[in-house]
Amino acid sequence: MSDEHAMRQDVEKRLKTNTDAMAGPFRQQFHLMPPVGLMNDPNGLVQWQGVYHVFYQWMPFDTGHGSKWWGHVTTTDWIHWEFMPPALAPVQEFEKNGCYSGSAVVHENQLYLFYTGNVKDEHERRTSYQCLAVSRNGVDFKKYGPVIHQPDGYSAHVRDPKVWFEAGVWWLVIGAQRCDREGQVLLYRSPDLWNWAFLGPLAGRDVTFSESFGFMWECPDFFELEGTRVLLVSPQGLEAETYRYRNQYQTGIFTGAFHPETGTFTHGGFRELDLGFECYAPQTFEDEQGRRLLLGWMGVPEQQEQAHPTVSDGWVHCLTVPRELSMREGHLHQQPIEEYKQLRGTHTSTTVAVTNETAAWASWTAAAAELYIEIEAEASWTMAWRRYFHISYDAGEQTLTFERPDFETGEPEQRVSRVNGVHTLHCLFDHSSAEVFVNGGEYVSTSRIFPEQEAAGLQFAAEVYAVFYVHAWELQSLQWQ
Ligand code: FRU
């Protein structure tokens, strides 16, 4: 077993000495990211005694994957943040190859973290344990080791426990792969958070549908939203289609009804959460105001991540902005949380009318900006941000396309989706990301972008005639202590 104290000291030192990461041009202003190393999934999202805790998968030593830690940051208002000591370091036998993703709940005034202990032997054979760590102060976590072992009939790919309280008991879902390589979500129940009974698969092949739907389902989340039950999950292995499943791995939802008496879920089809390039392994939680908030990883495993220009600065990836979820006409909507309005600086508005040609709004120079755009268009239109990221609507095909240069080849790459009209675009642009909330959050697109430093402004084009009513704000930075 490694010496945890020495490892932690090494990590602290790295945090203090990585000035490249801090100075790089693609450092984000209003997104959570670690000072150094690779970040992936948000973990353990919870609000406890007013304080929001965001944990995340973190490889502090380099920009690759590997034995993950749980990084930890806190805030009370989503604007002022504090870096906390890492919550979990992979030092025990039952987690030696990574403290993998999981969740948090508050019980009897203590914070309970559930996570997956990832273990590999000398032949790269994997074992997964669902583990528990408890904290009295929200800073120091005492590990109690595995509370759930691998169930029969499943491969060692069982991970990412999400825990919640409902109908007088505790529940837990984990992502799983059957021995015959079919993805499923498994359901457990507990009276006390320590003793867990396996109730069986909740969703997946031969449970809620008959066909194959990916070889592994990661990071499940299962919650009630305004009377609708939502299973949020990241399936791996869906085959790409023209308008769907174009990223390496997918994230999306099944909506329906949960029957706690039988531990069963009835649901409809799968809907992708995001129409862009990078949104994976999101997690939600209910805050003390009763809002259902979501943070995602602005990355996708195995998707060109070493081609990100930030790798040479010693860091890679970040999280999405926090989003509030709602259900409107049976559709999940996402909106940036209200608190982010506090980041708004200088405001400008303009109206751009385009007839059969291109118009530019070149005077806009800020790289971190919020744009709210109402569109009146007779036919197709296009908008470009900093000459790098293009959003276009094809009125004939009824498709919405997001386009950027491929990180490796520089050739244009696109994500095209069928949509039911586009009336408004609410964009949050940071130095190296673009999040677009369409029609009040009916559709969302999340992407990393790496424009030239000097590239600025907005360009518009329309097939026939279009008017863009633009409200723009420069956005301030999150404040770090
Ligand atoms: C999703 C994931 C999880 C796993 C974690 C490891 O991105 O693969 O399933 O717990 O990342 O970092």
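Predicted model: local features only at pLDDT ≥ 70, side-chain atom pairs only at ≥ 80, totals over all residues.
## Domains and annotated regions

The domain assignment divides the protein into domain 1, covering residues 4-327, and domain 2, covering residues 338-480. Taken over C-alpha atoms, the centres of these two domains are separated by 30 Å.

The UniProt record, an unreviewed entry, places the feature "domain: Glycosyl hydrolase family 32 N-terminal" at residues 31-336. In the model this span is 0% helix and 55% strand, and its end C-alpha atoms lie 12 Å apart. The record, again as an unreviewed entry, also carries the annotation "domain: Glycosyl hydrolase family 32 C-terminal", which covers residues 362-463. Over residues 362-463 the chain is 0% helix and 57% strand, with the end C-alpha atoms 21 Å apart.

## The interface between the domains

Where domain 1 and domain 2 meet, 45 residues of domain 1 are in contact with 44 residues of domain 2. The area buried between the two domains is about 4,100 Å², and carbon and sulfur atoms give 56% of that area. On the side of domain 1, Phe30, Leu275 and Phe277 together supply 22% of the area that this domain buries against domain 2, which is more than any other three residues supply.

The side of domain 1 that touches domain 2 receives the most from strand 4 (residues 80-83), which gives four residues. Sorted by class, that side of domain 1 has 22 nonpolar, 14 polar and nine charged residues.

## Salt bridges

Side chains of opposite charge can pair when their charged atoms come close. A search of the whole structure finds 20 salt bridges, and across the interface of domain 1 and domain 2 the rule finds three. The side chains of Arg323 and Glu435 meet in a salt bridge, at 2.8 Å from N to O.

Another salt bridge joins the side chains of Arg229 and Glu166, with a distance of 2.9 Å from N to O. This pair links distant parts of the chain, since Arg229 lies in strand 14 (residues 228-236) and Glu166 lies in strand 9 (residues 154-166), 63 residues apart.

## The surroundings of Glu403

Glu403 has its place in strand 28 (residues 399-405). Leaving aside neighbours within four places in sequence, Glu403 is in contact with Phe277, Tyr388, Phe389, His390, Pro412, Glu413 and Gln414. Among these contacts is Phe277, a residue already named for the area that domain 1 buries against domain 2.

Glu403 and His390 are 13 residues apart in sequence, while their C-alpha atoms are 5.0 Å apart in space. With Gln414, the side chain of Glu403 makes a polar contact from side chain to side chain, at 2.8 Å.

Terms used. Residues numbered from 1 in each chain as written. Heavy atoms only, no water. UniProt positions renumbered as here; feature names shortened; annotations may be inferred. Helix = DSSP H or I, 4+ residues; strand = E, 2+ residues; numbered from the N terminus. Domains from an automatic or database assignment. Contact = heavy atoms within 4.5 Å. Buried area = accessible area lost by both parts, 1.4 Å probe. Salt bridge = Lys/Arg side-chain N within 4 Å of Asp/Glu carboxyl O. Nonpolar A, V, L, I, M, F, W, Y, C, P; charged D, E, K, R; others polar. Polar contact = N/O pair within 3.5 Å; in protein donor to acceptor, adjacent residues only side chain to side chain.
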